[in-house]
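The sequence and the model are shown first.

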Amino acid sequence: YVDFATQHPAQVRLMFRPTKTPSAHAADAWAALTSATKTPLDAAVAWAMVHGVATLLTDAPLPESVDREQLVERALRVVAR
């Protein structure tokens, strides 16, 4: 998710633009995520974490002292717990 989002930020913004109904891509992503987690709340937390990391990497470049790969890895470990 993070790799795709940082390589295709315009497409991700289009997929998740504010609308009254989610796009087909957003709905598909949600379905995949909820099938991989125990509860819808777990899915929402996981999505928030990876979407937040991707947004930070795309829209608010981090200080050089923060390693991108370590950030992604740590975020995924937090979600997995």
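The sections below cover the basis of the model, the overall fold, a helix pair and an aromatic pair.

## Basis of the model

The model is predicted; local features need pLDDT of at least 70, side-chain atom pairs count only at pLDDT 80 or more, and totals for chains, interfaces and linings use all residues. Residues are numbered from 1 along each chain as its sequence is written, and side-chain values use heavy atoms, without hydrogens and water.

## Overall fold

The protein chain contains five helices and zero strands (DSSP runs numbered from the N terminus: helices are H or I with at least four residues, strands E with at least two). The C-alpha trace spans about 40 × 30 × 15 Å along its principal axes.

## Helices 4 and 5

The axes of helix 4 (residues 40-59) and helix 5 (residues 68-80) come within 9 Å and cross at roughly 170°. Axes are lines fitted to C-alpha atoms, for helices over the stretch in contact, with angles from 0 to 180 degrees between N-to-C directions. The two helices are therefore roughly antiparallel (over 145 degrees; under 35 is roughly parallel, 65 to 115 roughly perpendicular and the rest oblique).

Contact (heavy atoms within 4.5 Å) involves residues including Met49 and Val53 of helix 4 and Leu71 and Val72 of helix 5.

## Aromatic pair

One aromatic pair is found in the whole structure. The ring centres of Trp30 and Trp47 are 5.5 Å apart and their planes lie at 25°, so the pair is stacked. Rings of Phe, Tyr and Trp (its six-membered ring) pair if their centres lie within 6.5 Å; planes under 30 degrees apart count as stacked, over 60 as edge-to-face and the rest as tilted. Trp30 belongs to helix 3 (residues 24-36) and Trp47 to helix 4, 17 residues apart.
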